[in-house]
Amino acid sequence: MTPTRIILIGYMGAGKTTLGNALARDMGMRFYDLDWYIESRMHHTIKEIFDERGEEGFRRIEHNMLHEVAEFEDVIISCGGGTPCFFDNMDYLNRQGATVYLKASPDVLYKHLSMGHTVRPLLLNKTPEEVRQYITRQLAEREPYYTKAHYTIDVSVMDDFKKIHFTTQQLKNELGI
């Protein structure tokens, strides 16, 4: 039986949006990236919200928007990297659907983030070495929240379309779909 909600969590750059889009297309479900949802509802970019309201203000908005999108049926949701770590978000997510932690090492995450074109407010104005150290430290802090997910999938190999497809199939198998 297909879960009505599949919720992807993990550190920024893990591939939540990439895998979420691929899985949604494969399963004929709607896909929601929580950051995109926030931007469309607030009419501001994540960076602008961070700049105007700080991280605490952003996290309050994120929490409220999470409660909206996690009520939708037949969806795949990609959460921001910090979403599970604030308020009661992780416990709430586990009640709302099948949660999946997309796990990757700090080196893989650094590589993914270095290739990306998205502005990451928490990484701005950091040298490459500072970014590596930040990822390593923050991932260690967030891991206890991420590991509360119902399922864990290693996404270290998602660097081309064939491997993304493989990971999508691996996730479907894990979920019994």
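Here is a chat about the sheet and the aromatic rings of a predicted model.

Biologist: Hi! In what order do the strands of the open sheet come?
Modeller: Hello! Keep in mind that this is a predicted model. Five strands make up the open sheet, in the order β2-β3-β1-β4-β5, and their pairing is parallel.

Biologist: Which strands stand at the edges?
Modeller: Those are β2 and β5 (151–154). Each has a single partner strand, so one side of each is left without a neighbour in the sheet.

Biologist: And what is the average twist from one strand to the next?
Modeller: The twist averages 20°.

Biologist: How many bridges join β2 to β3?
Modeller: Four, and the two strands run parallel. As an example, Asp 33 has Ser 78 in β3 as its bridge partner.

Biologist: What about β1 and β3?
Modeller: Strand β1 (residues 5–9) also pairs with β3 over four bridges, in the parallel sense. There you can find Ile 6 opposite Ile 76 in β3.

Biologist: Which strands does helix α1 touch?
Modeller: Helix α1 (residues 16–27) packs on the sheet and touches β1, β2, β3 and β4 (98–103). The direction of α1 makes about 165° with that of β2.

Biologist: Which other ring pairs with Phe 72?
Modeller: Tyr 37 does, in an edge-to-face pair with 6.0 Å centre to centre and 80° between the planes. Tyr 37 lies in helix α2 (residues 34–42), so its pair with Phe 72 ties together parts that are 35 residues apart in sequence. Tyr 32, Tyr 37 and Phe 72 form one aromatic cluster.

Biologist: Is Tyr 37 buried or exposed?
Modeller: Tyr 37 is buried, at 13% relative accessible area. Phe 72 has 23% relative accessibility and counts as partly exposed.

Biologist: Last one: which charged end sits over the ring of Tyr 110?
Modeller: That of Arg 132, 3.9 Å from the ring centre. Also, Lys 126 lies over the face of Tyr 134, at 4.7 Å from the ring centre.

Technical notes:
Residues numbered from 1 in each chain as written. Predicted model: local features only at pLDDT ≥ 70, side-chain atom pairs only at ≥ 80, totals over all residues. Heavy atoms only, no water. Buried < 20%, exposed > 50% of the residue type's maximum accessible area, 1.4 Å probe, protein only. Phe/Tyr/Trp six-rings, centres within 6.5 Å; stacked < 30°, edge-to-face > 60°. Lys NZ or Arg CZ within 6 Å of the ring centre and 35° of its normal. Pairing = 2+ DSSP bridges. Axes fitted to C-alpha atoms, helices over the stretch in contact; angles between N-to-C directions. Contact = heavy atoms within 4.5 Å.
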